[in-house]
Amino acid sequence: MDKCLGFKPIVNKNAQILILGSMPSVVSLKQQQYYAHPQNRFWRLMANLLGYNNAPTKYDEKIKMLQDNHIALWDAIASCRREGSLDSAIENEIPNDFTGFLRKYPAIRTVCFNGGKSYQCFKKYNKRLLQDNSYTFLPMPSTSPANARFRLEMLEKTWGEMFQQTK
């Protein structure tokens, strides 16, 4: 079982939407980049939903795409033990501090969960926040290649509906 340490959030003061994963994959941890696995559809999905012709290829351009559209990125889990990359293998998770984070970035009013594990972990450790009606919490289907039953078109439809709610 490997000890996994998550990344710092990608955020600026203009962020209005926070997208939460669970814990970066082995590939992402190795490259120190969110959603670095080439089969993960996150960056293609975001580019499509945000009206880009193609997903940026450089990591700093990907981050700029999100920040230009007021989107922050982080994970529900700060650290855990896990064999491989599957969410189902996560054990002994330690959550990130969302109360402090959301206080620091008050423009964030929508929190989207990229997959069931991120939502499950957030619910477990943030019951009080979930009762705060000033936020909208949206569980979304995972962009992970492990979620093979959701093709990119299906992700675009579901995530696109979420983006419409936030406008």
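In this predicted model, asparagine 92 has a relative accessible area of 56% and is therefore exposed, the cut-off for that class being over 50%. Asparagine 92 belongs to strand β5, which spans residues 91–95. The backbone of asparagine 92 has a phi near 50 degrees, a positive value in a residue other than glycine. Most residues other than glycine have a negative phi. A positive phi, near 55 degrees, is also found at glutamine 32, again a residue other than glycine. Glutamine 32 is placed in the loop between α1 and α2 (42–49). The relative accessibility of glutamine 32 is 52%, so this residue counts as exposed.

Glutamate 153 is part of helix α7, which runs over residues 152–165. With a relative accessibility of 52%, glutamate 153 counts as exposed.

Serine 22 occupies the loop between β2 (17–21) and α1 (26–31). Its relative accessibility is 6%, and serine 22 therefore counts as buried, since the limit for burial is under 20%. Leaving aside residues up to four places away in sequence, serine 22 touches Asp75, Ala76, Ile77, Asp87, Ile90, Lys117 and Ser118. With one of these, aspartate 87, serine 22 makes a polar contact between side chains, at 2.6 Å.

Lys117 and Ser118, both touched by serine 22, are among the buried residues of helix α5 (residues 116–125). The buried set of α5 is made up of Lys117, Ser118, Cys121 and Phe122. These residues lie on the same side of α5, because they cover an arc of only 130 degrees around the axis. In an α-helix there are 3.6 residues a turn, so residues three or four places apart point the same way.

The largest pocket holds about 510 Å³ of space. Its lining is formed by 25 residues, of which Asn40, Ser85, Asp87, Ser142 and Ser144 are the closest to the pocket centre. By class, 14 of the lining residues are polar, seven are nonpolar and four are charged. Asp87, listed among the residues closest to the centre of the largest pocket, is also the partner of serine 22 in the 2.6 Å side-chain polar contact.

Definitions and conventions
Residues numbered from 1 in each chain as written. Predicted model: local features only at pLDDT ≥ 70, side-chain atom pairs only at ≥ 80, totals over all residues. Heavy atoms only, no water. Buried < 20%, exposed > 50% of the residue type's maximum accessible area, 1.4 Å probe, protein only. Helix = DSSP H or I, 4+ residues; strand = E, 2+ residues; numbered from the N terminus. Arc of directions from axis to C-beta. 1 Å grid on protein atoms, 1.4 Å probe; cavity = no way out; pocket = protein on both sides within 12 Å on 5 of 7 lines; lining within 4 Å. Points joined across faces, edges and corners; volume = space filled by probe spheres on them. Nonpolar A, V, L, I, M, F, W, Y, C, P; charged D, E, K, R; others polar. Polar contact = N/O pair within 3.5 Å; in protein donor to acceptor, adjacent residues only side chain to side chain. Contact = heavy atoms within 4.5 Å.
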